[in-house]
Amino acid sequence: MDSNKSLLESLDAVIADAFADWNIYSTLITGGMVAFLVWSFVTSRDPDIHPFLLARQSTAFPVRKSGESAPYRSLETPHGFPLRSGLNVKDPGAPKWTTGRKGDLRDVWRAAVRGALDDEGKLTGKQGKIYTVLGRKAVEHSLDQVTQEINVIGRFLQEAKTKTMAVCLTDSMELLAAIFAGAFYGFKVVLIPHNLKAQDLSTLLQRAQADTLIAEAGALDLSLVAKNNRQLSQVVWVAKVGSRHMDWTEVPADVKGSLDVTVWHDLVDEKRDLAGLEVPSWDASSPSPSVTTVWPSASGVGEFIEFQPENLVAAIAGLLYSLPRNQRFHSNDLVLSIDSMSRSYPLCQIMAAIFAGASVALNSVAGEGVDFALATVGVSPTVIIASSRTMSQYHDKFMEPHSGIISSIARWLQVRNLEAGVMPSHGLFSQLANIGPTAELSLDKLRLLCISHRADADPQDRLTCGQLTDLRIFTGARVVYALTGPGVAGAISQTNVYDYRRFLGPNHFGAPLSSVEVLLTDIPSDEKFEGKITVSGPAVISGTVILPARGHIRDDHTLELVA
Amino acid sequence: MSSSDGAEVMSIATPINLVLLSLFVVTVYFQLRPKTPATLPRSPPPVVFRVFTPTTLLEFNGQDEKPVYLAVRGRVFDVTPGRNFYGPGGPYENFAGRDASRGLAHQSFDLEMLTEDLKGPLDDLKDLDADQLENLQGWEERFLEKYLVVGKLVAEGDPEAPKS
């Protein structure tokens, strides 16, 4: 009892002594601590997404075959339900409760011309625009004008009995119009990358058995191409604004008679009044022709991947709905692609943007490896579509070396935000962070970066978690990172737009899109799920494709590539 | 004397200040420390699809906490979620680990509905009438809706059967 009392007493004495020393510094420290707690309470926000949704991002089927992993699917399309296979297009006059058609590229264009819908499905009368970016200058085209060109070119080639049209253009309105002309007027479109040697182009034309070629005036040696391609009967040159005064209709002597040469803008000028501004009507049950892209291969010029319209619409819908509702493309967006439309991911993303009624900017320099800073001047986009090579080069050459002390501190603070699952807002801090690395860019409105990585690309180009975090902080935009493979339209899988988690090493590629199902085959043992990435579903050309790349399913059910 | 006392009072290095400072540092650390992302426990590993013969299927009858499997027209269903019906003590317990096709077609749980000879060929169900086949069809559809197909049943000696 006594000792107890003395213990309490001495404790009391110690505390009293300690508080007796209370002075102005104590008050300051306490004040600072309270201020800090209040500040962190006031500035704390709920994470953008519940952390458990990121902890398991796809569903695995509970049964697997021996030597394979279980099939994995997007959370949107659980096992036992059909995968997403179309755009759910509802024709006017169709009963409300019926499910829509899958649709095809024609529906994409009609949706764009009809304009954006509001939340209740009523027309807002707001139409997107198409821009062609040439260096610092952006040329604006209204959708009606593009429709007109689609009609002119489509009818002209239909009369010329075109069956397969090869398009070898830089990204531009003309390329887009040519793709839609093929869909509306019934000829196959083969998209050929524009920077090929004449010899390679000629080989590809021969393999595609193209009877029509649309190419840039003066960009290729016609006599060489024509000599090896006897089936070629039509050439349409697209002349740049600066060189339209020249006469491009000259035909090399040795193919005179068998080859017709015309110029795009002459055709459009001549037939504009006949063509009309109406989107051609079509029978919904009539098939629309395929679109073929070239998948680059290490040896040779690459292989053709022929996408049927079903594959494309499945991929477009898959990409469109992989974003949560308030992150999706909408009519106020300006979507800039700095990756070539002759690749399926940018193609499908652009189509998704057009379908959603967004404005689209196509860059003439677009490609797999471009200068990010140069390619984004000219317009102020809200969404950018780029390749992993472009972004990793930009990060290594500009972002990393140019960040100073202020941006490092701001970065450190923003990483805390990202770790709490909150996207830092475009505020004072992000302005600070932007001082060094991205000062020269016109990215004030940027909200989303869509980056794609080819499954067989150079592992050097694979982006790390750190790089993606830097991109988020310094551009102030959310990032989605997708894995693409030959034979799969759009993408195989894509990261969740709210997934800011940081790990060591290369970033994962998220969960499968709702248009595909992913499993790993040829796994070495039952413990380690690592094998060839096998993709099936409506977005895959022959139903199922096995990629040469090996993948691994992580514990959070996301896909990553094995080095 | 008093002036030096005053200096002592205004010192920052008093015990109370040290306590407060370290408290501050701890609060800041807990607010700003690196956080690891949330994780969920691993889901149970998927069942491997396998080829059964009547003999190898037999052990999956729900005894000793084993899963309950039964076969319908060559498809092996995992009916463990319906253990109360198909497991030991349930009304359908005779079907556990067996080919249940004939029994379901006849709506009968009797032992004579089961194929006696486990080494013999599978029941070909050729003698069923239209009603019974419809019955079986109905059961099969319900099973496909509710339960997972975890394997395939073949007769002993079938080329697909695993070598024991």
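Two strands pair if DSSP finds at least two bridges between them, and strands here are DSSP runs (E) of at least two residues, while helices are runs (H or I) of at least four, both numbered from the N terminus. With that in hand, welcome to this predicted model, in which local features need pLDDT of at least 70, side-chain atom pairs count only at pLDDT 80 or more, and totals for chains, interfaces and linings use all residues. Residues are numbered from 1 along each chain as its sequence is written, and chains are lettered from A and ligands numbered from 1 in the order in which they are written.

**Where the chains meet**
- Contact (C-beta atoms, placed from the backbone, within 7 Å) links 33 residues of chain A with 29 residues of chain B.
- On the chain A side, at least two residues each come from H1 (2–20), H2 (24–43), H3 (51–55), S2 (63–65) and H14 (405–419).
- H2(A) gives the largest share of that side, 10 residues.

**Strands across the interface**
- S2(A) and S1 (residues 47–52) of chain B run parallel and are joined by 3 bridges.
- A:Arg64 has B:Val48 as its bridge partner in S1(B).

**An annotated stretch of chain B**
- An unreviewed UniProt entry places "domain: Cytochrome b5 heme-binding" at residues 52–154 of chain B; such annotations may be inferred rather than shown by experiment.
- Residues 52–154 of chain B are 30% helix and 15% strand, with end C-alpha atoms 6 Å apart.

**A loop residue in chain A**
- A:Ala219 sits in the loop between S8 (212–216) and H8 (222–228) of chain A.
- The C-alpha atom of A:Ala219 is 9.4 Å from that of A:Leu169, 50 residues apart along the chain.

Conventions:
Two residues are in contact if their C-beta atoms, placed from the backbone, lie within 7 Å.
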